[in-house]
Amino acid sequence: MRWGLIGASNIAANHMIGAIRAAGGEIRSVLSASADRAASYAAQHGIPHGYADLDAMLASDDLDAVYISTTNEKHLAQAMAAIAAGKHVLCEKPLAMTVADAITMVRAAEAAGLVFATNHHLRNAGSHIAIREAVQAGRIGKVLSARVFHAVYLPPVLHGWRLDNPAAGGGVIPDIVVHDADTVRFHLGEDPAEVVAIKAASGLGQGVEDSCMSVWTLPSGVMVQTHESFTHAYATTGFELHGTEGSIVARNVMTQQPVGQITLRTEAGEAALPFADHNLYVRALNLFHAAIRGEGRPAADGVDGVKSLAVAAAVAEAAETGRRVAVNYGGI
Ligand code: NDP
């Protein structure tokens, strides 16, 4: 599988270049807004070609797929160009700035018969797969509620547009709530219906929120409580599910690394839930390559990306207005 990288980003450098190669992919080219940066990034990562022009990169005709990891406001136009050129697309979250734009991308790929995936890494984690299996096996009975702890300290290397540029999709709601929405949907198999939320700029955010707390309802009656932040240096992340027959309490699992601890608590007592420690992004890439071969589906497809964005959009509206907001999935 021959890949082009759209965006000379940190996520590509730190995770995705290695993951694409580990999954057997060959990276042919990288696109940057700056020709110099394209060339230096290409040289640094052993990529044959650097481009500053997307059409030229797509016209080079040696790509099967593209990975889009530019800032969020660029995803729509770049995905549409890649789809028009017949490339499969793995796009970073949030897919776009609006749910309508995300639906446009996903429908275009569908109409062209191309695989479109969203890079929601958490559903690839051994920890979350083990939690999901335990829930599906009925080990905590009927689920009553979920708690998501996703307050972290944004690493200084990522300070920039996330903290000061709403036009590029900055703010903790587009950045992290989408992951929490995807994780809740992955575990519970249903889509959040209504949300209430409060946001704050608590130290890092300039013109965008750096912290958010929200409560969601699910159609089954499950309630979800979430906390996302860029300003919490010492709060461990976590995910909890509480049911009529038990609780699952997981710590340090809302992360890019295959780490964490999971405790299953039932009438019988407490037990550690074991899980696999494979690389999250390599698993996503393996599933994406398989989907292109016609074998199965990506870990998170385009519809998953639209739905996680829809939840984040509802949280943003609820936090802005102080009102309870129904999630609008745009008919998808
Ligand atoms: P970066 O800030 O690293 O990259 C975004 C853009 O900024 C790049 O495309 C690049 O522009 C420019 N840029 C980056 N570094 C430099 C630099 N040193 N000098 C000049 N320009 C630079 O963003 P992230 O990698 O953090 O995020 C990119 C996308 O990936 C976002 O959509 C984000 O939400 C998503 N993401 C997803 C994660 C996941 O685990 N699924 C984790 C992290 C991010 P150009 O290409 O024009 O050179």
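Predicted model: local features only at pLDDT ≥ 70, side-chain atom pairs only at ≥ 80, totals over all residues.
Which residues in H5 meet which residues in H10?

Residues are numbered from 1 along each chain as its sequence is written, and side-chain values use heavy atoms, leaving out hydrogens and water.

On the H5 side, Val 99, Ala 102, Ile 103 and Val 106 meet Gly 302, Val 303, Val 306, Leu 309, Ala 310 and Ala 313 of H10 (contact means heavy atoms within 4.5 Å). Sorted by class, that contact has 9 nonpolar, 1 polar and no charged residues; here Ala, Val, Leu, Ile, Met, Phe, Trp, Tyr, Cys and Pro count as nonpolar, Asp, Glu, Lys and Arg as charged, and the others, Gly among them, as polar.

## How the helices sit

H5 covers residues 99-112 and H10 residues 302-321; they pack at about 180°, axes 9 Å apart. So H5 is roughly antiparallel to H10 (angles over 145 degrees). Axes are lines fitted to C-alpha atoms, for helices over the stretch in contact, with angles from 0 to 180 degrees between N-to-C directions. Helices (H or I, at least four residues) and strands (E, at least two) are DSSP runs, numbered from the N terminus.

## The sheet under H10

H10 also lies across E8, E9 (211-217) and E15, at about 60° to E8. These strands belong to an open, mixed sheet of 9 strands, ordered E14-E13-E12-E11-E7-E10-E9-E8-E15. Its edges are E14 (269-272) and E15 (325-326), each pairing on one side only; pairing takes at least two DSSP bridges between two strands. E8 (residues 194-200) and E15 run antiparallel, joined by 2 bridges, and Glu 194 stands opposite Ala 326.

Methods
Parallel < 35°, antiparallel > 145°, perpendicular 65-115°, else oblique.
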